[in-house]
Amino acid sequence: MAEVRLRALILREVDFGDFDRYLTVLTEYGRKSEILYKNARRGKKQNPAARQFCYSELILSERGGKYALRDADLVHSFFSLAEDIEQYALACYLAELAGAVTGPDEDGPAVSRLLLYALHALEGKKRDPALVKAAFEWRVLAESGYAPDLADCGVCGQLIAQPPVCFSVRAGTAADAACAARVGGYERLADGTLCAILHALSAEPQKAYAFALSGAAKEQFCRLAEAYAQYHLGRGFDSLQFYKSIAI
């Protein structure tokens with residue numbers, strides 16, 4: 001039985017049997033793994049570093065590709081997010097989305113960093129949660145192979161030299177106004193929306209949420225991000241529906 005040490009964010013915990021628990025974690029390298037935490041609910045000495053939204057140093061036993069938790073040391077806790085049901089619901093959605101684009105066999109460290117910085121942004125309460133959500137949706141899709149093309153017209157193939165820029169969620173491409181009008185299915189982007197999307201796609205992970213947007217541009221930026229994520233992943237998210245049901 002091999003020993004494995006790694007840092008990981010605990011995305012989800014599910015009780016199993018009388019005393020055990022399964023942890024879904026996203027490692028610092030961007031791999032999603034399932035870990036058995038035996039006797040997690042037995043006695044009074046439960047490890048607080050092995051709970052949802054803890055970023056912890058994990059010591060695991062590995063056998064046949066399966067992992068069991070030996071010990072966990074806390075690096076950073078996002079427990080404060082649970083003090084606000086809306087913040088907690090949003091964090092759960094971001095975690096579910098990150099889990100949907102990662103797996104056990106391929107590294108994706110950018111997704112891990114983006115999620116950690118998103119949770120830090122929510123925890124600090126200095127960023128608009130709606131913009132954090134949308135920026136994460138745009139960027140995590142891009143990091144997962146679904147980056148939208150906003151430079152060239154998806155219809156004629158020419159560089160879009162000047163606004164307006166139109167965008168199709170389904171095509172994942174931009175178009176100039178003339179081509180968009182001719183083929184349909186494209187929506188004209190507000191200047192602020194376009195700038196925000198480009199920022200979310202290109203900024204360093206720690207700066208991806210460092211922007212402000214308001215009014216119609218904010219509504220468009222957020223609406224298109226959510227639609228883009230759901231369309232290109234081909235699925236909805238229960239945590240998103242819960243978040244939307246309680247969001248003000």
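Leu 36 is buried, with a relative accessible area of 18%. The cut-off for buried is under 20%, so Leu 36 qualifies at 18%. The model is predicted. Leu 36 belongs to strand S3, residues 32-37.

Which residues touch Leu 36, leaving aside its neighbours within four places in sequence? They are Asp 20, Arg 21, Tyr 22, Tyr 67, Ala 68 and Leu 69. Asp 107 is 71 residues from Leu 36 in sequence. In space, the two C-alpha atoms are 21 Å apart.

## Helix H2

Helix H2 covers residues 109-124, 16 residues in total. At 1.5 Å a residue, H2 should span 22 Å. Its end C-alpha atoms are 23 Å apart, which agrees.

The buried residues of H2 are Ala 110, Val 111, Ser 112, Leu 114, Leu 115, Leu 116, Ala 118, Leu 119, Ala 121 and Leu 122. Their cover includes strands S1 (2-16), S2 (20-27) and S4 (54-63). Helices H1 (85-100) and H3 are also part of that cover. After H2 comes Lys 125, with a positive phi near 55°.

## Helix H5

Helix H5 runs over residues 191-202 and has 12 residues.

Where do the buried residues of H5 sit around the axis? Thr 193, Leu 194, Ala 196, Ile 197 and Ala 200 are buried. They cover an arc of only 165° around the axis, so they lie on the same side of H5. An α-helix has 3.6 residues a turn, so residues three or four places apart point the same way. Asp 191, Cys 195 and Ser 202 are exposed, on the other side of H5.

## Strands S6, S7 and S8

Strand S8 (residues 173-176) pairs with S6 in the parallel sense, over 2 bridges. With S7, strand S8 pairs in the antiparallel sense, over 4 bridges.

Ala 174 in S8 takes part in both pairings: Cys 153 stands opposite Ala 174, and Phe 167 stands opposite Ala 174 too.

What do S7 and S8 form? They form a hairpin, with 4 residues between the strands. Gly 172 lies in the turn and has a positive phi of about 70°.

Note on methods:
Residues numbered from 1 in each chain as written. Predicted model: local features only at pLDDT ≥ 70, side-chain atom pairs only at ≥ 80, totals over all residues. Heavy atoms only, no water. Buried < 20%, exposed > 50% of the residue type's maximum accessible area, 1.4 Å probe, protein only. Contact = heavy atoms within 4.5 Å. Expected span 1.5 Å × (residues − 1). Arc of directions from axis to C-beta. Pairing = 2+ DSSP bridges.
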